[in-house]
Amino acid sequence: MTSQSQNPKTSEAPPVRAPSAVPIDDAVLPFEVGPLDLRGRLTRLGPALDELLEKHAYPTPVAKLLGEAIVLATLLGSALKFDGRFILQTQTDGPVSFLIVDFQAPDRLRAYARFDAGKLVPGLDSGALLGKGHLAMTIDQGADMRRYQGLVALDGGGLEEAAHEYFMRSEQIPTKVRLAVGEEWRGGEGGRHHWRAGGMLLQFLPKAPERARPADLHPGDAPDGAEVHAVTEDDAWVEGQSLIATVEDIELIDPDLSGERLLYRLFHERGVRVFSSLPLRAQCSCSRTAVSGMLSRFSAQDRADMVKDGKVVVTCEFCSSVYEFTPDEAGVETGAGVADAETTNGAATNE
C-alpha cells in the first residue's frame, strides 16, 4: 500500500508501507488503484452518525435509510474542491416522504427525515420506504455562483441504484456504490446501541477516454428489431466491479477493521494508493442570528401568526435546537393580529 497527499500527479515515487491497523471513524479516505485506472472514496461513520440520528429518535428503518443517504452524501460531497455545499434530497410518496442531507465542505454534516409512522410496516427495504418520486443532488457554490442540480427518478429502488442511474445518465462515468448502516452494541452499565455506517464509491477513469465510453441509453420506443448500441466493458472495469461486489456490509461498518486494511484486502494484488483522509463532523449551521434573519423575511402578519403564549418559538428540524423570541425580537408589530393557541410555530430548515 502506498500513501501520500491527494495529488496523483506527483513525480516522485510514493512511499510504500503496510496498511494501518488503526480504524478511523468519521472520515472519508480517498484512494486509487493505478493499474486498473480506478479511483474511489471510502467513508466510515461512527459518533458523527450517532449524533445526527439520535437527535430525533427515528424508528430503526427510517434511521437506517437516512444513514444511507448521509453516507452517499459524504461520498459525493467530499469531492468538492471549494467551500460550497452538496445537498442530497428526496421527495417521494413512500413512508419516508422526505430526506435531506446537507454537506457543507469541507467537513460539516446535518440531516433530517420526514416519515409517516402509520405506513411503517415490518420488512420494508429502502426502495419500499422511499416509494416513487425523485432524488435531487445540488451543488451550491455560493451566493454569487450558479447552482448545479441533478435529478434522478425513484421508482421503488434504493439509493445505491439511484446513484448508479445518476452517474450513468448524467456524468457518464462508470461507477459503483456500496452503502451499509447498522447498530453496534456497547455494553457495560448504561450500554446502548450506537449507529455505524460505511460506504465505498469506485469509478473507472482511464486516461484514454474511449476506454470509458458507455453504451448508448436504451432507445425506448424504437421500432422492433432496431439495433441497440453495445460497448464491451473494459477488462479493468470488469475486474474493479467484481472486487467491490465482494465487499460485505459488516466490512464497511466493522469498528475493528481499519479503512486501509479493507482497501488492502480488496486491491493488494494490484496495489492501492491512499491519500490524506478527510474528517467529518455533525454540526448544524443554525444560530439565533440566522433564525432571526429568517423571521425577518416573513410578512408582518405571518410573524404575528407565529406568536403563541406571548412568544415565538422556532425549532430547527435538523438539530432540534429551540430558539425563543419575544414578539418585539421577532419583529411583530404592535397591534398585529395574534394566532390562536392551535397555531404551530416556525421550523428552521434552510439556514
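This is a predicted model: local features need pLDDT of at least 70, side-chain atom pairs count only at pLDDT 80 or more; totals for chains, interfaces and linings use all residues.
**Note on salt bridges and a helix pair**

1. Residues are numbered from 1 along each chain as its sequence is written, and side-chain values use heavy atoms, with hydrogens and water left out.

2. E239 and R270 form a salt bridge, N to O 2.7 Å (a side-chain nitrogen of Lys or Arg within 4 Å of a carboxyl oxygen of Asp or Glu). E239 belongs to helix α5 (residues 235–244) and R270 to the loop between α7 (259–267) and β11, so the pair ties together parts 31 residues apart in sequence. R270 is partly exposed, at 39% relative accessibility.

3. The count of salt bridges comes to 17. One of them joins R273 and E32, at 3.3 Å from N to O. R273 lies in strand β11 (residues 273–274) and E32 in strand β2 (residues 27–33), so parts 241 residues apart in sequence are tied together. R273 counts as buried at 18% relative accessibility, and E32 counts as buried at 13%.

4. In a further salt bridge, the closest N and O atoms of R265 and E251 are 2.8 Å apart. R265 lies in helix α7 and E251 in helix α6 (residues 249–253), so the pair links parts 14 residues apart in sequence. R265 is partly exposed at 48% relative accessibility, whereas E251 is buried at 15%.

Technical notes:
Helices (H or I, at least four residues) and strands (E, at least two) are DSSP runs, numbered from the N terminus. Buried means under 20% relative accessible area, exposed over 50%, partly exposed in between (1.4 Å probe, protein chains only).
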